[in-house]
Amino acid sequence: MTLSREDIVRLCERVEGAQTRAYAIPKLTNEYPQMTIADGYAVQNELRRRFIAQGHKQVGWKAGLTSKAKMQQMGVSVPSIGFLTDRMARPESSAISTADLVHPRVECEVAFVMKADLQGPGCTAADVLAATDYVLPAVEIIDSRFSGFKFDLASVIADNGSSARFVGGGRARYVEDLDLPTLGVVMEKNGEIVAMGAAAAVMGHPAEAIAMLVNILAEMDEILPAGSFVMSGGITEAIAVKPGDSIVARFQELGSVSMRFVE
């Protein structure tokens with residue numbers, strides 16, 4: 001780590017302001033070019049601590065930048081993780097306001113709900129599948145708070161992986177009843193297909209992304225607790241949305257998740 005405690009608090013306040021008041025900020029490495037991934041997680045953990053102190057309830061975690069399409073789109077080379085809170089959740093078929101978002105985009109993901117604790121290091125995809133209660137389809141609404149949608153890995157980790165909103169829906173299924181890597185997904189925006197993919201785009205198997213997340217948590221002396229809701233990362237590139245847009249994500253075997261966007 002290169003940041004002092006004062007730097008971490010200052011950057012956390014900068015990110016928190018951008019997230020809660022919906023304005024864009026320059027990427028953090030403009031001012032701190034030596035900032036590392038460990039520094040990014042230090043800022044993210046400070047943000048999580050603050051949100052929990054304010055009454056947010058952590059419901060789980062998300063893996064980010066887990067597909068080649070997403071890495072290429074964002075210009076990064078390794079995945080990341082971020083935390084999810086109850087205030088990010090939106091119901092299926094809801095109207096989602098964009099007034100409190102900066103650059104909203106949507107992506108299809110497979111979400112896992114855990115029935116047993118998981119901890120690293122050395123967590124494997126097989127460990128993840130054994131600890132999974134069920135999976136369900138989800139759409140994450142990500143929102144980079146960085147100007148011009150330009151950022152690097154340390155900055156995006158500090159910004160909690162662009163986490164903003166998420167919607168779960170469709171049908172919950174047991175993992176043993178599915179061939180997860182071959183699971184197809186189609187995203188429709190205003191009735192037109194805008195993205196297609198298969199869950200294998202997420203590190204070959206979405207459970208690999210959850211194992212990666214558990215092993216990153218181990219580096220922070222944390223575990224993935226039973227009951228956690230975990231999103232495994234975007235299967236396709238992220239699609240920009242604006243007020244008036246309607247999104248339906250159709251998952252083979254898992255049903256669909258829909259939402260619309262309003263001011």
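Modeller: A salt bridge is a side-chain nitrogen of Lys or Arg within 4 Å of a carboxyl oxygen of Asp or Glu. This is a predicted model, with pLDDT of at least 70 needed for local features and 80 or more for side-chain atom pairs, while totals for chains, interfaces and linings use all residues. Residues are numbered from 1 along each chain as its sequence is written, and side-chain values use heavy atoms, with hydrogens and water left out.

Biologist: What makes Arg165 and Asp100 a salt bridge?

Modeller: Their N to O distance is 3.0 Å. That is within the cut-off, so the pair qualifies. The two residues sit in distant parts of the chain, 65 residues apart: Arg165 in strand 7 (residues 163–168), Asp100 in the loop between strand 4 (95–97) and strand 5 (104–114). Helices (H or I, at least four residues) and strands (E, at least two) are DSSP runs, numbered from the N terminus.

Biologist: Why does Arg165 count as buried?

Modeller: Buried means under 20% relative accessible area, exposed over 50%, and partly exposed in between (1.4 Å probe, protein chains only). Arg165 has 12%, so it is buried. Asp100 has 33%, so it is partly exposed.

Biologist: How do you know that Glu188 and Arg250 form a salt bridge?

Modeller: Their closest N and O atoms are 2.9 Å apart. Glu188 is in strand 8 (residues 184–189) and Arg250 in strand 12 (residues 246–251), so parts 62 residues apart in sequence are tied together. Glu188 is buried at 16%. Arg250, at 40%, is partly exposed.

Biologist: What does Lys62 pair with?

Modeller: Lys62 forms a salt bridge with Glu140, with closest N and O atoms 2.9 Å apart. This pair also links distant parts of the chain: Lys62 is in strand 1 (residues 58–64), Glu140 in strand 6 (residues 132–143), 78 residues apart. Both Lys62 and Glu140 are buried.

Biologist: How many salt bridges does the structure hold?

Modeller: The count is 16. One network of salt bridges links Arg5, Glu13, Glu16, Glu46, Arg49 and Arg50.

Biologist: Why is Ser162 called buried?

Modeller: Its relative accessible area is 4%, so it falls in the buried class. Ser162 lies in the loop between helix 5 (153–158) and strand 7. Contact means heavy atoms within 4.5 Å. Beyond its neighbours within four places in sequence, Ser162 has contacts that include Lys62, Ile141 and Val156.

Biologist: What makes helix 6 mostly covered?

Modeller: Eleven of its 14 residues are buried. Among them are Pro206, Ile210, Met212 and Leu217. The buried residues pack against elements including helix 2 (37–53), strand 2 (80–85) and helix 4 (125–131). Just after helix 6, Asp221 takes a positive phi of about 60 degrees.

Biologist: What makes strand 4 and strand 9 edge strands?

Modeller: Two strands pair if DSSP finds at least two bridges between them. The open sheet has five strands in the order 4-13-12-8-9, with mixed pairing. Strand 4 and strand 9 (192–198) each have a single partner strand, so one side of each lacks a neighbour in the sheet. Strand 12 and strand 13 (residues 255–262) run antiparallel and share six bridges. Ser246 has Arg260 in strand 13 as its bridge partner.

Biologist: How many disulfides does a search find?

Modeller: A disulfide is a pair of cysteine sulfur atoms within 2.5 Å. The search of the whole structure finds zero. Cys108 is buried at 0%, and Cys123 is buried at 7%.

Biologist: What makes the backbone at Ser93 and Met203 worth a check?

Modeller: Most residues other than glycine have a negative phi, and most peptide bonds are trans. Ser93 has a positive phi of about 65 degrees. Met203 has a phi near 55 degrees. Ser93 is partly exposed at 47%, and Met203 is partly exposed at 34%.
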